[in-house]
Structures are given as structure tokens and as C-alpha cells.
Amino acid sequence: MIKKVIIAGAGHRSLCYAGYAQTAPDKMQIVGVAEPIKERRDFVAKAYNLPPECCFQDVDELVNREKFADAVINGTMDALHVETTVKLLDAGYEVLLEKPFAINHAEVIELEEAVKRTGRIVMICHVLRYAPFYAEIKQRILNGDIGRIVNIQATEHVSYHHYVVGYVRGKWRNKEISGSSFLMAKSCHDLDLIVWLKSGIKPVRVSSFGVADFFCRANAPKNSGTLCLVDCPIEKDCIYSVRQLCLNHPERWGAYIWPELDYSAELNTPEERERRLRDPDDRNSHCVWKCDNNLMDRQTVMIEFADHALATFNLIGNCTRPQRKLHIIGTKGEIEGVLDENKFVVRHIDVSPNCEYREECFNLHHMGDTTGAMGGHGGGDLRLIKDFIDVINGEPPSISCTLLEDSIAGHKLGFAADLSAQTHQCIELND
Ligand SMILES: NC(=O)c1ccc[n+]([C@@H]2O[C@H](COP(=O)([O-])OP(=O)(O)OC[C@H]3O[C@@H](n4cnc5c(N)ncnc54)[C@H](O)[C@@H]3O)[C@@H](O)[C@H]2O)c1
């Protein structure tokens, strides 16, 4: 049955999922929008032919009107997730909610209780579970191919351009502003994956170290200015200049740097992009060494599970190239792969003459990569929204399904890891 869906927060993320209404119009229809920024609201209204009475300033205005759809895609920013979702649940909507779905432990409990009280569905946008790379690995674990998992090693390398645009100059640069730490904003996905791969076995203990010592005033080169394109004498030689990172590569993170320009082909010119990056009120114009950023540059998380399996996760910002690596060791074999290559191997001990082990290679390129037909995140974006629509239609969930109850352990783990990094204590995880 076709499901009617409203967009709350018509930003970059919501519009990725809304695209499913175009690829599968027999499954999902966009029937409303709640968004404070007029250009964004008007863009969605035009794209989906929405009448004015279905366009709202914000979630508060939306929930004041009688329910007129099945579900809401909540793509507001991190600190608004729980507040807006509780209102939407009370108004009778099922919700697809962006990650991190909460900004602290207390908010996790608040949302959990709202779901129990209303009996509604909340699914979290842990899109990587839907990327063929991770979904295929999970299937092999469920098949018993490597036995019981005893160790997981995962890493996320965040490229220098992504780190600077998102976490030094960008909207996640400061925990007091966005609500999220680097670990939760960037890698709650990876913690979720580690817990999901352990299939119901709970993490019981976590320790973490984190460091923030690179993008700070103490490291600013001598003679550097405050605004790259306005007063910096060394701008031409700086690899972090907004000219190098943004103007010369507008295709990379344009949705974060010039979000408003995405809505106007006329305005989206090289001249206008540069004009904005000369404006001191635009946070992207600032010297990378002199921002109000306060996130970690890198963090290590160590986890013990109830069955004594161990896991480590390394998050490193400002790397040469982006990469997510995974190595899982089980009692009967191991799995090793790199998401960005869309390939993994399954290895087993082989005691035959002249042999040490045998290896089976899986190449998933044919199943959609980051630029493929199934959207970003290794092909996860559109697979996730498809699963959400199927689930609210009463169909059986896929193995990747990210219902709130399945996503809670990963978030609690992340908040505990941040507490550990802050207090230098090992944290016990209780229910
Ligand atoms: N799943 C992923 O892999 C992934 C990737 C990137 C970002 N995210 C998450 O997605 C979320 C959205 O990110 P984005 O880059 O699209 O943000 P964005 O800033 O582009 O969009 C958020 C929108 O919400 C609107 N908004 C603010 N208050 C509102 C209210 N009360 N009611 C309705 N709308 C309101 C804003 O005006 C804005 O247009 C964030 O939480 C982010 O962490 C997830």
C-alpha cells in the first residue's frame, strides 16, 4: 500500500530519502513539509507539488494540524531529534529519524519511553547496515560461517576535507552548538555496526581515549590571518585554505558549505560561492586554526561484550583519504574488508599440505557503490527508506532493520565511551 510521508527538516539528508518517492511512486508519496527556511520549504513544495496547507514552518505547526499522513522523515539536526520525534509520535506518526537519534543518555530513555507509550515505530537512519558490504558480512555471520565472534577491529578514517568542513569549521564543530561529540556525530554508525554484528550479545564495559590537539590556535602558522580570503598573507600556501578545500572542489561538500545555493541554479555560481566565503559571518570563511571547534581529533574505543568478545574502534580525523575498515575474528574463521573498496574476504584455517588458510573473496561493486543507483553510504540510503516503508506496511523487517530498540545499545555505548574519554575511567554498561 502506498504510504504518505511528510518531511520534517528539509535539509540535505531528508531529501536523499525523499528521492524514494520518485523511484518508487507506488510505495511512497511526499504529502507535506515542515521546515523553517522558506527556500527549502518552497523547493520541496514545488518538487512534490504540495498545496500551501501542507507546508509548515516547523514540527510544532505540523503537529497542531490533524494527522494527514502515515509517517514523517525527521531530518532535523541532532539536538532537535528527541524533542521533535516525541511530538510526532504523540501526533500519531511513525518516524524515520536521523542519527545520532539522541544527544545524551537521558534523551535515549525519553525516546524509548515515548515509543513504548505510543506504540509507534521509530526507525533510525543507520544507513551503513544497509550497505551491501555490511549486510553481506552480517548474513555470513548469521549463516555461522566464522563461528562465534571473539574480536572485532573497526576503523574510520575521516579525510582532511571532510573533517575540516564538518568538524572544524562546520556545523558539528562544537558540542555545545550541535549537541554531539565527534564520536557520536560521525561514528555512532560504527558503534551500531559493532553491536549489530554481535547479534544481541550486550556490550558490558567500555574504555576510551580521545585527543584534541591539532586544529587549535597554538598550531596556527606565524603570520596567519583570521579569514582565509580576506586577511591571510599565507593563504596560497595553506592546504586548509577555503580556496583549496572548498572553492576548488565545490562538488565535494557543497551541501554543507553553501546549503542555500543548492536551491537556486541562478545563484550557484563560482562568484557567489567566493563572495560568501569572504563574509566573516560565514563560519566556513574562518582560519582553520582559529575556529570555536572543541571536538576530538581522534578517539579509540575498547569494548568488552557479555560473552567476553572484545572490540576496538579507532576514529581518526584529518586523514589523507576516507576509509572504513573491518576485521572480524570468529572461532571458525575471519572476515576482513574495506567498505570503500566494496570488497571483503572470508578466511578459514586449511591444514592441507602446502596450505595455511583458504580465502573466499566477495566483490560487491555490482550491488551499488557510493555513487550507485541505491544512493550514498555504500548504497545504504535508498535501501533504508525502502525498508522503513516496508516495515510500516507490516512487511517483515530485513536483517538490517534499525528499529529504535535495536539501535539503543550502540548509542548508549557511544555516550559511555565519551564519558570514559572525559573521565579516564572504564565505564560499566547497565540496562
Ligand atoms: N545517516 C547519515 O549517515 C547521516 C549523514 C549526515 C548527516 N546525518 C544527520 O542528519 C541530520 C540532518 O543533517 P543535514 O545535514 O541534512 O542538516 P540540515 O541542517 O541540512 O537540515 C536540517 C533542517 O532542519 C530544519 N529545522 C530546524 N528546526 C526545525 C523544526 N523545528 N522543524 C522542522 N525543521 C527544522 C533546518 O532549517 C534545516 O533545513 C543531522 O542530525 C545529521 O547528524 C546523518
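Ala, Val, Leu, Ile, Met, Phe, Trp, Tyr, Cys and Pro count here as nonpolar, Asp, Glu, Lys and Arg as charged, and the others, Gly among them, as polar. The model on screen is predicted.

Start with the ligand and select the shell around it. On the terms above, the residues of this shell divide into 12 nonpolar, 7 polar and 7 charged. Of the 26 residues around the ligand, those that come nearest are Gly9, Gly11, Arg13, Asp58 and Glu98.

Next, colour the chain by domain. The assignment gives domain 1 as 3-124, domain 2 as 128-215 + 293-428, and domain 3 as 217-285. Between domain 1 and domain 3, the C-alpha centres are 32 Å apart. Contact between these two domains involves 5 residues of domain 1 and 4 residues of domain 3. Select helix α3 (residues 38-47): with 3 residues, this helix supplies the largest share of the side of domain 1 that touches domain 3. That side of domain 1 has 1 nonpolar, 2 polar and 2 charged residues.

Now show the strands. An open sheet of 9 strands runs in the order β14-β13-β12-β11-β7-β10-β9-β8-β15, with mixed pairing. At its edges are β14 (357-363) and β15 (427-428); each has a single partner strand, so one side of each is left without a neighbour in the sheet.

Zoom in on strand β7 (residues 149-159) and strand β11 (residues 323-330), which pair in the antiparallel sense over 8 bridges. Alanine 154 is opposite leucine 326 in β11.

Helix α10 (residues 182-197) touches β7, β8, β9, β10 and β11, and its direction makes about 150° with that of β10. Helix α16 (residues 404-423) touches β8, β9 and β15, and its direction makes about 45° with that of β8.

Note on methods. Residues are numbered from 1 along each chain as its sequence is written. This is a predicted model: local features need pLDDT of at least 70, side-chain atom pairs count only at pLDDT 80 or more; totals for chains, interfaces and linings use all residues. Domain bounds come from an automatic or database domain assignment. Two residues are in contact if their C-beta atoms, placed from the backbone, lie within 7 Å. Helices (H or I, at least four residues) and strands (E, at least two) are DSSP runs, numbered from the N terminus. A residue is near a molecule or strand if its C-beta atom, placed from the backbone, lies within 6 Å of it. Two strands pair if DSSP finds at least two bridges between them. Axes are lines fitted to C-alpha atoms, for helices over the stretch in contact, and angles run from 0 to 180 degrees between N-to-C directions.
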